[in-house]
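Hi,

Here is the model I promised to send over. Have a look at it first, and then read on for my notes.

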Amino acid sequence: MQHTDYDVVIIGGGPAGCAAAIRLNQLTDLRVMLVERDACKQHQIGESIPPDTRVLIEVLGLWQTFQSQHHDPCLGSCSAWGSETLGYNDFIYNPMGHGWHLNRKNFNHMLQNTVQNSAVNYVNKTRFINSQPHKYGYKLRLKTANNNHSVNTRWVIDATGIKASFAHKAGARSLHQDHQVCLSGFFNQGEADALNHLTILEATTYGWWYAARLPNHQTVVALACDRHFMQRFELRKPFNWLKLLMAQSHYIAPQVASQQWQENSLIINRTPSCINSQITGNHWLATGDAAAAYDPISAQGIYKALSQGIKAAETIKAQEQGSTTALQQYSLDIQQQYAIYLDQRNHLYQQEKRWQHLPFWQQRQQPVWAQSA
(Lines give C-alpha, C1' and ligand atoms only; values in the text may rest on other atoms or scores of the structure.)
Protein backbone atom coordinates (compact mmCIF):
# COMPACT_ATOMS: atom_id res chain seq x y z
CA MET A 1 0.00 0.00 0.00
CA GLN A 2 1.25 3.45 -0.91
CA HIS A 3 0.56 6.36 1.46
CA THR A 4 0.36 9.85 0.00
CA ASP A 5 -0.87 13.06 1.59
CA TYR A 6 -3.11 15.63 -0.12
CA ASP A 7 -5.12 18.61 0.97
CA VAL A 8 -8.03 17.76 -1.35
CA VAL A 9 -8.96 14.58 -3.18
CA ILE A 10 -11.67 14.88 -5.84
CA ILE A 11 -13.40 11.61 -6.68
CA GLY A 12 -14.79 11.77 -10.21
CA GLY A 13 -13.37 13.38 -13.35
CA GLY A 14 -16.51 14.55 -15.15
CA PRO A 15 -17.33 18.23 -15.69
CA ALA A 16 -18.07 18.88 -11.99
CA GLY A 17 -14.90 17.21 -10.71
CA CYS A 18 -12.69 18.83 -13.36
CA ALA A 19 -14.21 22.26 -12.75
CA ALA A 20 -13.49 21.90 -9.02
CA ALA A 21 -9.90 20.84 -9.73
CA ILE A 22 -9.24 23.67 -12.19
CA ARG A 23 -10.72 26.28 -9.87
CA LEU A 24 -8.77 25.00 -6.85
CA ASN A 25 -5.59 25.21 -8.90
CA GLN A 26 -6.45 28.79 -9.88
CA LEU A 27 -7.29 29.98 -6.37
CA THR A 28 -5.06 28.05 -3.98
CA ASP A 29 -1.74 26.31 -3.45
CA LEU A 30 -3.45 23.26 -1.98
CA ARG A 31 -2.19 19.82 -2.94
CA VAL A 32 -4.99 18.37 -5.05
CA MET A 33 -5.56 14.91 -6.48
CA LEU A 34 -8.32 14.00 -8.94
CA VAL A 35 -9.32 10.34 -9.19
CA GLU A 36 -11.20 9.24 -12.31
CA ARG A 37 -12.56 5.75 -12.88
CA ASP A 38 -12.91 5.89 -16.67
CA ALA A 39 -12.11 8.98 -18.73
CA CYS A 40 -12.62 7.28 -22.10
CA LYS A 41 -16.38 6.88 -22.40
CA GLN A 42 -17.32 7.11 -26.06
CA HIS A 43 -20.88 8.40 -25.78
CA GLN A 44 -22.54 10.46 -23.07
CA ILE A 45 -25.83 12.29 -22.87
CA GLY A 46 -25.92 15.98 -22.05
CA GLU A 47 -24.90 17.12 -25.51
CA SER A 48 -26.25 20.70 -25.52
CA ILE A 49 -25.44 23.66 -23.29
CA PRO A 50 -27.24 27.03 -22.91
CA PRO A 51 -25.63 30.39 -23.80
CA ASP A 52 -24.95 31.32 -20.16
CA THR A 53 -22.44 28.46 -19.92
CA ARG A 54 -19.93 30.81 -21.56
CA VAL A 55 -19.56 32.69 -18.26
CA LEU A 56 -18.48 29.50 -16.46
CA ILE A 57 -16.07 28.50 -19.23
CA GLU A 58 -14.50 31.95 -18.99
CA VAL A 59 -14.13 31.63 -15.20
CA LEU A 60 -12.17 28.43 -15.83
CA GLY A 61 -9.96 30.27 -18.33
CA LEU A 62 -11.00 28.01 -21.22
CA TRP A 63 -13.05 30.22 -23.53
CA GLN A 64 -10.46 30.43 -26.31
CA THR A 65 -9.81 26.69 -26.14
CA PHE A 66 -13.54 26.01 -26.22
CA GLN A 67 -13.96 28.21 -29.30
CA SER A 68 -11.16 26.38 -31.09
CA GLN A 69 -13.05 23.09 -30.77
CA HIS A 70 -15.74 24.26 -33.22
CA HIS A 71 -18.80 22.98 -31.39
CA ASP A 72 -21.98 23.42 -33.42
CA PRO A 73 -24.22 26.36 -32.49
CA CYS A 74 -27.55 25.58 -30.80
CA LEU A 75 -30.05 28.28 -31.74
CA GLY A 76 -32.79 27.08 -29.40
CA SER A 77 -35.43 24.37 -29.47
CA CYS A 78 -38.70 23.35 -31.03
CA SER A 79 -41.16 21.08 -29.29
CA ALA A 80 -44.42 19.23 -29.70
CA TRP A 81 -45.37 19.56 -26.06
CA GLY A 82 -48.95 20.06 -24.93
CA SER A 83 -49.99 20.09 -28.58
CA GLU A 84 -49.30 18.25 -31.82
CA THR A 85 -48.11 21.53 -33.31
CA LEU A 86 -44.45 22.45 -33.01
CA GLY A 87 -43.67 25.48 -30.85
CA TYR A 88 -40.37 27.36 -30.94
CA ASN A 89 -38.09 28.78 -28.25
CA ASP A 90 -34.92 30.29 -29.66
CA PHE A 91 -31.97 32.23 -28.26
CA ILE A 92 -32.30 35.21 -30.57
CA TYR A 93 -32.96 37.62 -27.69
CA ASN A 94 -30.43 36.11 -25.29
CA PRO A 95 -27.66 38.68 -24.62
CA MET A 96 -25.14 35.83 -24.45
CA GLY A 97 -26.00 34.69 -27.97
CA HIS A 98 -26.57 31.08 -28.94
CA GLY A 99 -25.86 27.85 -27.07
CA TRP A 100 -23.87 24.87 -28.36
CA HIS A 101 -24.33 21.28 -29.45
CA LEU A 102 -21.22 19.73 -27.95
CA ASN A 103 -18.73 17.30 -29.24
CA ARG A 104 -18.87 15.85 -25.75
CA LYS A 105 -15.70 13.81 -26.11
CA ASN A 106 -13.68 16.89 -27.06
CA PHE A 107 -15.34 18.95 -24.34
CA ASN A 108 -14.43 16.40 -21.68
CA HIS A 109 -10.89 16.13 -23.03
CA MET A 110 -10.53 19.90 -22.79
CA LEU A 111 -11.38 19.80 -19.09
CA GLN A 112 -9.29 16.72 -18.37
CA ASN A 113 -6.25 18.01 -20.27
CA THR A 114 -6.44 21.28 -18.36
CA VAL A 115 -6.35 19.36 -15.09
CA GLN A 116 -3.49 17.17 -16.27
CA ASN A 117 -1.44 20.21 -17.33
CA SER A 118 -1.89 21.88 -13.94
CA ALA A 119 -0.38 21.15 -10.54
CA VAL A 120 -3.25 18.72 -9.83
CA ASN A 121 -2.31 15.04 -9.70
CA TYR A 122 -4.72 13.47 -12.20
CA VAL A 123 -5.10 9.71 -11.79
CA ASN A 124 -7.16 7.74 -14.33
CA LYS A 125 -8.51 4.16 -14.22
CA THR A 126 -8.68 4.28 -10.45
CA ARG A 127 -11.70 3.38 -8.34
CA PHE A 128 -12.68 4.66 -4.91
CA ILE A 129 -13.30 1.72 -2.55
CA ASN A 130 -14.00 3.18 0.88
CA SER A 131 -12.75 5.63 3.48
CA GLN A 132 -12.07 5.85 7.17
CA PRO A 133 -11.48 8.82 9.45
CA HIS A 134 -7.90 9.96 9.66
CA LYS A 135 -6.21 12.23 12.17
CA TYR A 136 -6.50 15.24 9.85
CA GLY A 137 -9.28 14.08 7.55
CA TYR A 138 -9.74 10.79 5.69
CA LYS A 139 -7.78 7.80 4.52
CA LEU A 140 -9.14 6.71 1.14
CA ARG A 141 -8.67 3.25 -0.33
CA LEU A 142 -8.28 3.40 -4.10
CA LYS A 143 -8.00 0.48 -6.50
CA THR A 144 -6.34 0.26 -9.90
CA ALA A 145 -6.04 -2.73 -12.22
CA ASN A 146 -2.71 -3.73 -10.66
CA ASN A 147 -2.67 -2.59 -7.05
CA ASN A 148 -4.29 -0.66 -4.22
CA HIS A 149 -3.40 2.74 -2.85
CA SER A 150 -4.05 4.35 0.49
CA VAL A 151 -4.36 8.13 0.21
CA ASN A 152 -4.59 10.54 3.13
CA THR A 153 -6.45 13.79 2.57
CA ARG A 154 -7.89 16.63 4.62
CA TRP A 155 -10.80 17.29 2.22
CA VAL A 156 -12.89 15.13 -0.11
CA ILE A 157 -15.04 16.38 -3.00
CA ASP A 158 -17.51 13.74 -4.17
CA ALA A 159 -18.10 14.22 -7.91
CA THR A 160 -19.10 10.63 -8.68
CA GLY A 161 -22.49 11.43 -10.23
CA ILE A 162 -25.75 9.98 -9.01
CA LYS A 163 -23.86 7.11 -7.35
CA ALA A 164 -22.54 9.66 -4.81
CA SER A 165 -20.04 6.99 -3.78
CA PHE A 166 -18.32 8.85 -0.95
CA ALA A 167 -21.42 10.67 0.34
CA HIS A 168 -23.45 7.49 0.57
CA LYS A 169 -20.69 5.70 2.44
CA ALA A 170 -20.65 8.71 4.80
CA GLY A 171 -24.35 8.11 5.56
CA ALA A 172 -26.15 10.33 3.04
CA ARG A 173 -29.17 9.02 1.13
CA SER A 174 -30.72 10.03 -2.17
CA LEU A 175 -34.18 11.57 -1.91
CA HIS A 176 -35.83 10.69 -5.20
CA GLN A 177 -38.54 12.54 -7.05
CA ASP A 178 -38.70 9.80 -9.69
CA HIS A 179 -36.66 7.03 -11.28
CA GLN A 180 -36.65 8.06 -14.91
CA VAL A 181 -34.28 6.47 -17.41
CA CYS A 182 -32.93 7.81 -20.68
CA LEU A 183 -32.02 5.63 -23.68
CA SER A 184 -29.79 7.41 -26.19
CA GLY A 185 -28.66 6.33 -29.62
CA PHE A 186 -26.53 7.91 -32.34
CA PHE A 187 -26.87 8.28 -36.11
CA ASN A 188 -24.49 9.35 -38.88
CA GLN A 189 -25.81 12.17 -41.04
CA GLY A 190 -25.53 12.25 -44.79
CA GLU A 191 -24.76 15.41 -46.72
CA ALA A 192 -28.43 16.20 -47.33
CA ASP A 193 -30.12 15.05 -44.12
CA ALA A 194 -28.49 17.01 -41.29
CA LEU A 195 -30.78 18.43 -38.63
CA ASN A 196 -31.04 22.18 -38.28
CA HIS A 197 -29.49 24.00 -35.32
CA LEU A 198 -32.53 23.56 -33.06
CA THR A 199 -33.01 20.71 -30.63
CA ILE A 200 -36.29 18.83 -31.09
CA LEU A 201 -38.49 17.71 -28.19
CA GLU A 202 -41.53 15.50 -28.71
CA ALA A 203 -43.92 14.33 -25.99
CA THR A 204 -45.61 10.93 -26.22
CA THR A 205 -47.99 8.90 -24.07
CA TYR A 206 -45.10 7.13 -22.32
CA GLY A 207 -42.43 9.88 -22.06
CA TRP A 208 -40.63 12.16 -24.49
CA TRP A 209 -38.14 12.00 -27.34
CA TYR A 210 -35.23 14.37 -27.89
CA ALA A 211 -32.96 14.91 -30.89
CA ALA A 212 -30.06 17.21 -31.66
CA ARG A 213 -27.35 17.50 -34.27
CA LEU A 214 -23.78 17.06 -33.09
CA PRO A 215 -20.42 17.99 -34.61
CA ASN A 216 -18.80 15.51 -36.99
CA HIS A 217 -22.08 14.85 -38.83
CA GLN A 218 -23.79 12.99 -36.02
CA THR A 219 -27.27 13.06 -34.50
CA VAL A 220 -28.19 12.00 -30.98
CA VAL A 221 -31.72 10.76 -30.24
CA ALA A 222 -32.89 10.02 -26.71
CA LEU A 223 -36.02 8.61 -25.11
CA ALA A 224 -36.91 9.54 -21.53
CA CYS A 225 -39.37 7.14 -19.92
CA ASP A 226 -40.05 5.15 -16.77
CA ARG A 227 -37.97 2.09 -16.00
CA HIS A 228 -40.95 -0.28 -16.04
CA PHE A 229 -41.86 0.91 -19.56
CA MET A 230 -38.32 0.21 -20.75
CA GLN A 231 -38.47 -3.27 -19.26
CA ARG A 232 -41.96 -4.05 -20.56
CA PHE A 233 -41.03 -3.29 -24.17
CA GLU A 234 -37.45 -4.62 -23.89
CA LEU A 235 -35.99 -1.33 -25.05
CA ARG A 236 -32.49 -2.39 -24.06
CA LYS A 237 -32.50 -4.14 -27.42
CA PRO A 238 -31.64 -1.56 -30.12
CA PHE A 239 -34.11 -3.12 -32.58
CA ASN A 240 -37.02 -2.50 -30.21
CA TRP A 241 -35.85 1.05 -29.44
CA LEU A 242 -35.54 1.88 -33.12
CA LYS A 243 -38.89 0.27 -33.89
CA LEU A 244 -40.59 2.40 -31.23
CA LEU A 245 -38.89 5.55 -32.52
CA MET A 246 -39.98 5.01 -36.10
CA ALA A 247 -43.51 3.97 -35.17
CA GLN A 248 -44.33 6.54 -32.48
CA SER A 249 -42.36 9.72 -33.29
CA HIS A 250 -44.05 12.14 -35.69
CA TYR A 251 -41.27 14.72 -35.94
CA ILE A 252 -37.96 13.09 -35.00
CA ALA A 253 -38.35 9.82 -36.91
CA PRO A 254 -38.59 11.54 -40.33
CA GLN A 255 -35.47 13.56 -39.49
CA VAL A 256 -33.33 10.45 -38.94
CA ALA A 257 -35.05 7.97 -41.28
CA SER A 258 -32.38 8.45 -43.96
CA GLN A 259 -29.47 8.59 -41.51
CA GLN A 260 -27.25 5.62 -40.70
CA TRP A 261 -27.72 4.03 -37.29
CA GLN A 262 -24.46 3.55 -35.37
CA GLU A 263 -24.32 -0.08 -34.31
CA ASN A 264 -23.85 -0.68 -30.57
CA SER A 265 -24.39 3.01 -29.79
CA LEU A 266 -27.48 2.62 -27.58
CA ILE A 267 -26.67 3.62 -24.01
CA ILE A 268 -28.94 3.64 -20.98
CA ASN A 269 -28.60 6.08 -18.12
CA ARG A 270 -30.55 6.66 -14.97
CA THR A 271 -31.77 10.26 -15.08
CA PRO A 272 -33.70 10.76 -11.84
CA SER A 273 -34.60 13.95 -10.06
CA CYS A 274 -32.98 13.54 -6.65
CA ILE A 275 -31.04 15.35 -3.97
CA ASN A 276 -28.82 13.98 -1.24
CA SER A 277 -30.09 14.10 2.32
CA GLN A 278 -26.62 15.37 3.24
CA ILE A 279 -24.63 17.49 0.79
CA THR A 280 -21.74 18.38 3.09
CA GLY A 281 -20.13 16.82 6.15
CA ASN A 282 -16.98 16.95 8.19
CA HIS A 283 -14.35 18.05 5.64
CA TRP A 284 -16.30 16.75 2.64
CA LEU A 285 -18.85 18.01 0.15
CA ALA A 286 -20.70 16.62 -2.84
CA THR A 287 -20.99 18.43 -6.15
CA GLY A 288 -22.76 18.01 -9.49
CA ASP A 289 -25.12 15.03 -9.69
CA ALA A 290 -23.56 13.63 -6.51
CA ALA A 291 -25.28 16.52 -4.71
CA ALA A 292 -28.46 16.87 -6.76
CA ALA A 293 -29.47 15.39 -10.11
CA TYR A 294 -31.86 17.09 -12.53
CA ASP A 295 -34.22 15.71 -15.15
CA PRO A 296 -32.57 16.25 -18.58
CA ILE A 297 -35.74 18.10 -19.61
CA SER A 298 -34.22 21.04 -17.72
CA ALA A 299 -31.17 21.15 -20.06
CA GLN A 300 -29.07 22.19 -17.05
CA GLY A 301 -26.88 19.14 -16.47
CA ILE A 302 -23.51 20.40 -17.71
CA TYR A 303 -24.15 23.99 -16.67
CA LYS A 304 -25.01 22.80 -13.15
CA ALA A 305 -21.95 20.54 -13.02
CA LEU A 306 -19.55 23.34 -13.94
CA SER A 307 -21.25 25.88 -11.69
CA GLN A 308 -21.31 23.64 -8.62
CA GLY A 309 -17.78 22.36 -9.23
CA ILE A 310 -16.52 25.95 -9.27
CA LYS A 311 -18.51 26.73 -6.14
CA ALA A 312 -17.17 23.63 -4.36
CA ALA A 313 -13.60 24.84 -4.92
CA GLU A 314 -14.45 28.34 -3.72
CA THR A 315 -16.13 26.87 -0.63
CA ILE A 316 -13.02 24.92 0.34
CA LYS A 317 -10.90 28.01 -0.19
CA ALA A 318 -13.19 29.97 2.12
CA GLN A 319 -13.07 27.26 4.79
CA GLU A 320 -9.29 27.14 4.56
CA GLN A 321 -9.20 30.89 5.12
CA GLY A 322 -11.18 30.56 8.33
CA SER A 323 -14.84 30.72 7.33
CA THR A 324 -17.14 28.76 9.63
CA THR A 325 -20.23 29.11 7.43
CA ALA A 326 -19.05 28.41 3.85
CA LEU A 327 -19.95 24.70 3.97
CA GLN A 328 -23.40 25.40 5.35
CA GLN A 329 -24.02 28.11 2.75
CA TYR A 330 -22.89 25.79 -0.05
CA SER A 331 -25.41 23.17 1.08
CA LEU A 332 -28.21 25.75 1.39
CA ASP A 333 -27.47 27.10 -2.09
CA ILE A 334 -27.78 23.65 -3.67
CA GLN A 335 -31.01 22.97 -1.79
CA GLN A 336 -32.47 26.30 -2.93
CA GLN A 337 -31.39 25.67 -6.53
CA TYR A 338 -33.04 22.26 -6.39
CA ALA A 339 -36.29 23.71 -5.03
CA ILE A 340 -36.37 26.25 -7.89
CA TYR A 341 -35.63 23.49 -10.38
CA LEU A 342 -38.51 21.37 -9.04
CA ASP A 343 -40.94 24.25 -9.42
CA GLN A 344 -39.82 24.79 -13.00
CA ARG A 345 -39.90 21.08 -13.79
CA ASN A 346 -43.37 20.60 -12.34
CA HIS A 347 -44.65 23.62 -14.29
CA LEU A 348 -43.20 22.23 -17.52
CA TYR A 349 -44.72 18.77 -17.10
CA GLN A 350 -48.07 20.31 -16.22
CA GLN A 351 -48.14 21.96 -19.65
CA GLU A 352 -48.72 18.52 -21.19
CA LYS A 353 -52.40 17.82 -20.46
CA ARG A 354 -53.22 15.39 -23.28
CA TRP A 355 -52.20 12.34 -21.26
CA GLN A 356 -52.29 13.55 -17.66
CA HIS A 357 -54.22 10.40 -16.64
CA LEU A 358 -51.43 8.11 -17.90
CA PRO A 359 -48.70 6.89 -15.50
CA PHE A 360 -45.67 8.80 -16.82
CA TRP A 361 -47.43 12.18 -16.83
CA GLN A 362 -49.57 11.60 -13.77
CA GLN A 363 -46.52 10.86 -11.65
CA ARG A 364 -44.75 14.03 -12.77
CA GLN A 365 -47.75 16.27 -12.30
CA GLN A 366 -48.41 15.01 -8.79
CA PRO A 367 -44.87 14.35 -7.48
CA VAL A 368 -44.41 12.11 -4.44
CA TRP A 369 -41.21 12.10 -2.43
CA ALA A 370 -39.50 8.84 -1.54
CA GLN A 371 -36.21 7.95 0.10
CA SER A 372 -33.83 5.29 -1.16
CA ALA A 373 -30.25 4.27 -0.63
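How many salt bridges does the structure hold? There are 13 of them. Bear in mind that this is a predicted model, so treat everything below as computed from it.

Let me start with a few of those pairs. Asp-7 and Arg-31 form one of the salt bridges, with their closest N and O atoms 3.1 Å apart. Asp-7 sits in strand 1 (residues 2-11), while Arg-31 is in the loop between helix 1 (15-27) and strand 2 (32-35), so this pair ties together parts that are 24 residues apart in sequence. Asp-7 is buried, at a relative accessible area of 7%, whereas Arg-31 is partly exposed at 46%.

Another pair is Arg-154 with Glu-320, whose side chains meet in a salt bridge at 2.7 Å, N to O. Because Arg-154 belongs to strand 11 and Glu-320 to helix 9, the contact ties together parts that lie 166 residues apart in sequence. Both ends count as partly exposed: Arg-154 has a relative accessibility of 23%, and Glu-320 has a relative accessible area of 34%.

Then there is Arg-364 with Asp-226, where the closest N and O atoms are 2.7 Å apart. Arg-364 is in helix 11 (residues 359-365) and Asp-226 in strand 16 (residues 218-226), so to speak distant parts of the chain, 138 residues apart. Are these two buried or exposed? Both Arg-364 and Asp-226 are buried. They also belong to a network of salt bridges that links Asp-178, Asp-226, Asp-295, Arg-345 and Arg-364.

Since Glu-320 came up, a word on helix 9. This helix covers residues 301-320, and at 1.5 Å a residue its 20 residues should span 28 Å; the end C-alpha atoms are 29 Å apart, which agrees. A number of its residues are buried, among them Ile-302, Leu-306, Ile-310, Ala-313 and Ile-316. In an α-helix there are 3.6 residues a turn, so residues three or four places apart point the same way. The buried set also includes Lys-304, Gln-308, Thr-315 and Gln-319. Just after the helix, Gly-322 takes a positive phi of about 110°.

Which residues other than glycine have a positive phi? Ala-164 is one of them, at about 45°, and Glu-234 is another, at about 50°. For background, most residues other than glycine have a negative phi. Ala-164 is found in the loop between strand 11 and helix 5, and it is buried, with a relative accessible area of 1%. Glu-234 lies in the loop between helix 6 (227-232) and helix 7 (238-248), and at 43% relative accessibility this residue counts as partly exposed.

Last, the surface. Which residues gather in a patch of positive charge there? They are Arg-37, Arg-127, Lys-143, Lys-163, Lys-169, Arg-227 and Arg-270. Lys-163 lies in the loop between strand 11 (148-158) and helix 5 (165-169), and it is partly exposed, with a relative accessible area of 47%.

That's what I have for now.

Cheers

Methods:
Residues are numbered from 1 along each chain as its sequence is written. This is a predicted model: local features need pLDDT of at least 70, side-chain atom pairs count only at pLDDT 80 or more; totals for chains, interfaces and linings use all residues. Side-chain values use heavy atoms; hydrogens and water are left out. Patches are made of residues with over 30% relative accessible area and no salt bridge: like charges are joined within 9 Å, nonpolar side chains (Val, Leu, Ile, Met, Phe, Trp, Tyr) within 5 Å. Accessible areas come from the Shrake-Rupley method with a 1.4 Å probe; for residues, only the protein chains shown count as cover. A salt bridge is a side-chain nitrogen of Lys or Arg within 4 Å of a carboxyl oxygen of Asp or Glu. Lys and Arg count as positive and Asp and Glu as negative; His and the chain ends are not counted. The place of a charge is taken as NZ of Lys, CZ of Arg, CG of Asp or CD of Glu. Helices (H or I, at least four residues) and strands (E, at least two) are DSSP runs, numbered from the N terminus. Buried means under 20% relative accessible area, exposed over 50%, partly exposed in between (1.4 Å probe, protein chains only). The expected span of a helix is 1.5 Å times one less than its number of residues.
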